[in-house]
Amino acid sequence: MYHVILFDLDGTLTDSKEGILNCLRYAFQKLGQPVPDEATLLKFIGPPLQDTFMELGGLSKEQAMAGVEAFRERYEPIGKLENAAAPGLPELCARLKEAGYTLALSSSKPEHLCLDICERFGYAPSLTAIVGSPLHGDHTKADVIRDTLGRLGLTDADKPSILMVGDRKYDVLGAKECGIDCVGVEFFGYASPGELWDAGAVAVVQTAAELESYIRSH
């Protein structure tokens, strides 16, 4: 049975599309680079930004680092507020905590932003730990998950009771690297068709109700 639930943030607990896309456009414009179309920009939601600036934006590592800084320049004061809680998720987290589950956030977003967003959208009271990436460095999703397990005091023996919840293959693959299961969520359609199953998700759900049913029955 699962007793510890780790959540991704963007695309899972919140619909961050508006803020992220606006900040990406700002960053490309500031760098003097062509702004990708919206279909491409949507693929930036979830993975570490520096990687997607290189892989999807065609930027060098140095340009990508500058792109991350430009993105944060707008995101911290404005973009993080262009966001909304996923339907039913704050209430679900509160119910799971009340039922005795341990909940935590494991996000690739810088940790201080995770703290602000979880406070603003009502998740903080349900979360035992809010873990994000360091402001600088190349933290992978697996690194963030390991950091979360460490803060919760969990060991290899606890892994069968831990479940990751995320909306992109990076969440599934990071969880797999750490030896834990991952449920994929398709609340906002940011993943490509079949992406979550192909990465090895143990289930894929469409709503908060489906997610709650899966967690409570496994």
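**Second pocket.** I looked up the second largest pocket, which holds about 170 Å³ of space; on a 1 Å grid over the protein atoms alone, a pocket is an open set of points where a 1.4 Å probe fits, with protein on both sides within 12 Å along at least five of seven lines, and lining residues have an atom within 4 Å of a point. A volume here is the space filled by probe spheres set on the points, joined across faces, edges and corners. Of its 14 lining residues, Lys43, Arg168, Tyr190, Ser192 and Glu195 are the closest to the centre. I noted that α2 (38–42), α3 and α8 each give two or more residues to this lining, where helices are DSSP runs of H or I with at least four residues and strands are runs of E with at least two, numbered from the N terminus.

**Basis.** I kept in mind that this is a predicted model, in which local features need pLDDT of at least 70 and side-chain atom pairs count only at pLDDT 80 or more, while totals for chains, interfaces and linings use all residues. Residues are numbered from 1 along each chain as its sequence is written, and side-chain values use heavy atoms, with hydrogens and water left out.

**Largest pocket.** I then turned to the largest pocket, with a volume of about 730 Å³. Its lining has 38 residues, and the closest to the centre are Pro47, Pro48, Leu49, Gln50 and Ser108. The elements giving two or more residues to this lining are α3 (49–55), α4, β4, α7 and α8.

**Sheet.** I traced an open sheet of six strands in the order β5-β4-β1-β6-β7-β8, with parallel pairing; two strands pair if DSSP finds at least two bridges between them. β5 (129–133) and β8 (203–205) are at the edges with a single partner strand each, so one side of each has no neighbour in the sheet. Strand β1 is joined by four bridges to β4 and by four bridges to β6; Val4 has Thr102 of β4 as its bridge partner, and Phe7 has Val165 of β6. In β1, Val4 and Leu6 point one way while Ile5 and Phe7 point the other way, and all are buried, meaning under 20% relative accessible area with a 1.4 Å probe and protein chains only.

**Arg74.** Which helix holds Arg74? I found Arg74 in α4 (residues 61–75), buried at a relative accessible area of 17%. Leaving out residues up to four places away in sequence, Arg74 touches Gly19, Asn22, Cys23, Tyr26, Gly79 and Glu82, contact being heavy atoms within 4.5 Å.

Definitions and conventions. Buried < 20%, exposed > 50% of the residue type's maximum accessible area, 1.4 Å probe, protein only.
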